[in-house]
Each structure stands twice: as C-alpha cells, then as structure tokens.
Amino acid sequence: MNIDFTKASFKDFENIPDLDIYQRASAHEGYLNYLRDNEFMNYRLLATSGCGPEIGLEEDGYIKRGDYISFVCNDYLGFTQHPEIKKAVINGIEKYGTGAGASPLIGGYMDYHQELEDKISAFFKRPKGSSIVYTTGYTSNSASLLCLLKKEDIAIVDMAVHASVYEGIAGTTVKRFLHNNTEALERILASSQHTYRTKMVIIDGVYSQDGDVAKLKEILELTKKYGGVLLVDDAHGIGVLGETGRGAMEYHDVLDQVDIITGTFSKTFANVGGYLVANNPDLISYLQFQSRQYAFSAAATPAIVGVTRAIELIDEEPQWQKQLWNNVEYYKKGLLDIGLEIGATDSAIIPVKIGDVYVNSQVGKLLLENGVYTNPIMYPAVSLKDSRIRMSLMATHTKEHLDKALNVFEYINNKLQLKKHEQTVV
C-alpha cells in the first residue's frame, strides 16, 4: 500500500484491497497521525463548553486550551442555550425520568412523544397522525427509506443528498441526477415512468455543503407529471428559510404539496432525534410497525420535550430568524469583499471554497491557530477538487465574532494567496 497522505482523504481507507480489518485500521491510523503531525486534525476536538458562537477547547498537542469563535454548530437560532428550552428539558426529566425504557411498540410510547408528534404535524400544516419520531435525524432517512423502497421501486436522488439517504436506498434501484439539474431529473423520470412500482424523488431543501436551495417548484412539478413521490429532507432549512421558518418548502410556497418531509431535531430544534411527516397518515402507521429501527429501538428520552418548546418558540420569537439573516448577509459580504469564493449559498451554511485538499488543511490550521474553529471539508463529503471550509452561522454570533473571523480570513488570504472570487461588475 502506497498512499500519498497530502492528497488522501478518509475515503481512501474505507476498503483497501487485500488488507484485513486490523491492517486497514493501522493504515487509517497512519493517516490520522499525519494529520496530527501537520496540525491538520480539526476533527473530534474535545470541547469544554456547550454549543454556541464561542466554544471552549481542551488542550491537546498543538490545540491550545481556551475559547474559540465557533462555526461548527448547526444550532442556527441558538436554541441549545435558550432558557425556556432548558427549563422544558429539566421539567421533562423531573416528570418522566431519564429514559423511555422500551421501544415505542412495547411500552415506550409516552404522552410526551404523542405531544411532540402532534406539534410537528401542526408545524407543517398537517393533521394529527401525520408524523413519526425517530431517535436520530440520520435514521429518519435511512430507516424510513429502507422500509419504504424495495427492489421493485426506484429512488431518484440528487447526487448531493445526505449520506443517510444513500444508506436508506441500499435495497432499491437507484438513479442519481446532477445536482439541482431538472433536465437530468426529467430524463430519468421519463425513462422510469412505466418500469417501477414506486418512483421516489429524494432531495434536500437546503444542501449541507454548498448551502444552496433546491429548485423545489420545478422538481415538484416534474415529479407529479411522471407519477412520482417527492421526499424533501429539509434539515438545514427549518427555522432558517421561509417567512415563518417552515423552510425551503415555505420559501417556494409548496409546503402543502410535498408528499414526505424529513428532518432532524439536532439543528434548529436544539436536541437530538428526527422526524418524518407524510401527507398520507397510513404511511406513518406503516412505518410505526414496519420500520425496524423504530420498532426495535428504545423510544426517545424525556429530554426531547425541549423540541416541543423549540417548535413553539419559532413562532413566538421570530427575532432569532431575523438576527440570523442579518449575520448571514453581513458575513457573506465580508468574505466576498476579501475576494473569497463562497459559491451559491442562500442559507446559514457558508462555504469558503479552496479546492486543493492540502491548502484547505492549511487554511483550517491557520484559522484554529488564530482562534476560529471551523470544519475543513474534503472528499468524499464533496467532490475531489472541491475542498472547502464549511461554516454554520448562528443568530447569537455577534458582529465582533464575525469581524474577528473576517480579519483572520483576510490574513490567511494574503498569506496563502487563495483563489480570488470574480465579482460581477454591475
């Protein structure tokens, strides 16, 4: 085995021919040691404080102990630290204890689960009985799709959907279309129209790496034209987009037309878990009994009552969404003024596109050295030559936080001569 670590990614160690599990693990450890030795290890850093616009890190080798400006949390509205949500969680634990103790089908289904399901259904303008709650956002996709789509069906997916979707469609026929390319989507739909039992088009509302928004109206029209079912995972859109925070579907005015909505509680809703909402309540009943990860996993803990309160606060305190967008617009302008490439983002996810894996690692290192904690993203999360620094903005970032980060980016841009953003002259 001869891998050039300067050009490698974690993908290279998934399945190395002729190496058993211990040999693959050893090769992988060599790559981790390379990252550590070069101070590129921006992963699994030990935090000493909660999620927020600043985060404390523990000293570890080249990592200095202290507070860093954080762009690694997807807590878009800052609700993990909201006193009302903390109070709800504490009260829930005081009343119910720390766990459900069983799966939902055999004793673990509590009234707080039903209350949350009803809140989610109402949030998306659906009647009671239209939603199911999973213990992770990941399984809201993977478990549901494994249950719903079989070999006689087809999943037609935007190539940029989340890894949980790809795991969920492992048991069915799969066709991928170029990201947000409706012409490519229509070709697949047309050729599949009379061949498969269920034709499910699967997209994100907001894409997690570029932060761009799906062409939902066009995709919905095409899906219906060819007799398909549309599933939208809007994990990164809820609380961020739309007049009342109902996400990309509200933003495109198709909230009532999407067949299936999935998402997570780990971002705007400031907890852990996931959900699926369907226009057909029979689909929910089917998943309750046929989705193995739901039927055979312990139900969500009482801490999830915090999500119920978070759903209410999106409507009660719209100022958080407004402040988030003030931050997004300010920060995007600052990055563009420096001359950096941020792509087509139209959400609270802002990438700085670098391209080269090694240079991207250098940027992540320099940011960390100067008190800014970000995620350097590389293949396979993005294409091989599209490495970037990915940042999530929060409503609770201050102008001082953003200005400091912009100053560091300007310093790095001058030092490394990053590719300039070609701004359009109006």
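Colleague: Why is Asp18 called exposed?

Modeller: In this predicted model, Asp18 has a relative accessibility of 79%. A residue is called exposed when that value is over 50%, so Asp18 counts as exposed. Asp18 belongs to the segment before α1 (21-37).

Colleague: What makes the backbone of Asp18 worth a remark, and what is its phi?

Modeller: Phi of Asp18 is positive, about 70°, although Asp18 is not a glycine. Lys125 also has a positive phi, near 65°, and is likewise a residue other than glycine.

Colleague: Where does Lys125 lie, and how do you know whether Lys125 is buried or exposed?

Modeller: Lys125 is part of the loop between α3 and β3 (131-134). Its relative accessible area is 58%; the cut-off for exposed is over 50%, and therefore Lys125 is classed as exposed.

Colleague: What makes Val258 a buried residue?

Modeller: The relative accessibility of Val258 is 0%. Buried means under 20%, so Val258 counts as buried. Val258 is placed in the loop between α8 (248-251) and β8.

Colleague: Which residues does Val258 contact, beyond its neighbours within four places in sequence?

Modeller: Those residues are Arg126, Leu230, Val232, Met249 and Asn279. A contact requires heavy atoms within 4.5 Å. A separate distance concerns Leu231: the C-alpha atoms of Val258 and Leu231 are 6.9 Å apart, while the two residues are 27 apart in sequence.

Colleague: Why are Val408 and Leu416 given the labels that they have?

Modeller: Val408 has a relative accessible area of 8%. As the limit for buried is under 20%, Val408 is buried. Leu416 has a relative accessible area of 24%, a value between the limits of 20% and 50%, so Leu416 is partly exposed. Val408 is in helix α14 (residues 399-416), and Leu416 is placed in helix α14 as well.

Colleague: Why is the pair of Phe123 and Phe269 called edge-to-face?

Modeller: The structure holds 18 aromatic pairs. In the one formed by Phe123 and Phe269, the ring centres are 6.0 Å apart and the planes are at 80°. Pairing requires centres within 6.5 Å, and planes over 60 degrees apart count as edge-to-face; therefore the pair of Phe123 and Phe269 is edge-to-face.

Colleague: What makes this a link between distant parts of the chain?

Modeller: Phe123 is in helix α3 (residues 111-123), whereas Phe269 is in the loop between β8 (260-264) and β9 (274-278); the two are 146 residues apart.

Colleague: How do you know whether Phe123 and Phe269 are buried or exposed?

Modeller: Phe123 has 3% relative accessibility and Phe269 has 2%. The cut-off for buried is under 20%, so Phe123 counts as buried, and so does Phe269. Phe269 also forms an edge-to-face pair with Phe265, at 6.0 Å centre to centre and 70° between the planes. Both Phe265 and Phe269 are buried.

Colleague: Which residues are linked into a cluster by ring pairs?

Modeller: The cluster consists of Phe5, Phe10, Phe13, Tyr31, Tyr34, Phe40, Tyr43 and Tyr358.

Colleague: What is omega of the cis peptide bond that joins Tyr379 and Pro380?

Modeller: Omega of that bond is about 10°. Pro380 is located in the loop between β12 (375-377) and β13 (387-392).

Colleague: Turning to the whole chain, how many helices and strands does it have, and why is it called as compact as a globular protein of its length?

Modeller: The protein chain has 14 helices and 13 strands. Its radius of gyration is 22 Å, close to the 22 Å from the globule rule for 426 residues, so the chain is as compact as a globular protein of that length. Of the 426 residues, 54% count as buried. Among contacts between residues at least 6 apart in sequence, 67% join residues at least 24 apart.

Conventions:
Residues are numbered from 1 along each chain as its sequence is written. This is a predicted model: local features need pLDDT of at least 70, side-chain atom pairs count only at pLDDT 80 or more; totals for chains, interfaces and linings use all residues. Side-chain values use heavy atoms; hydrogens and water are left out. Helices (H or I, at least four residues) and strands (E, at least two) are DSSP runs, numbered from the N terminus. The radius of gyration is taken over C-alpha atoms; the globule rule is 2.2 Å times the number of residues to the power 0.38. Buried means under 20% relative accessible area, exposed over 50%, partly exposed in between (1.4 Å probe, protein chains only). Rings of Phe, Tyr and Trp (its six-membered ring) pair if their centres lie within 6.5 Å; planes under 30 degrees apart count as stacked, over 60 as edge-to-face and the rest as tilted.
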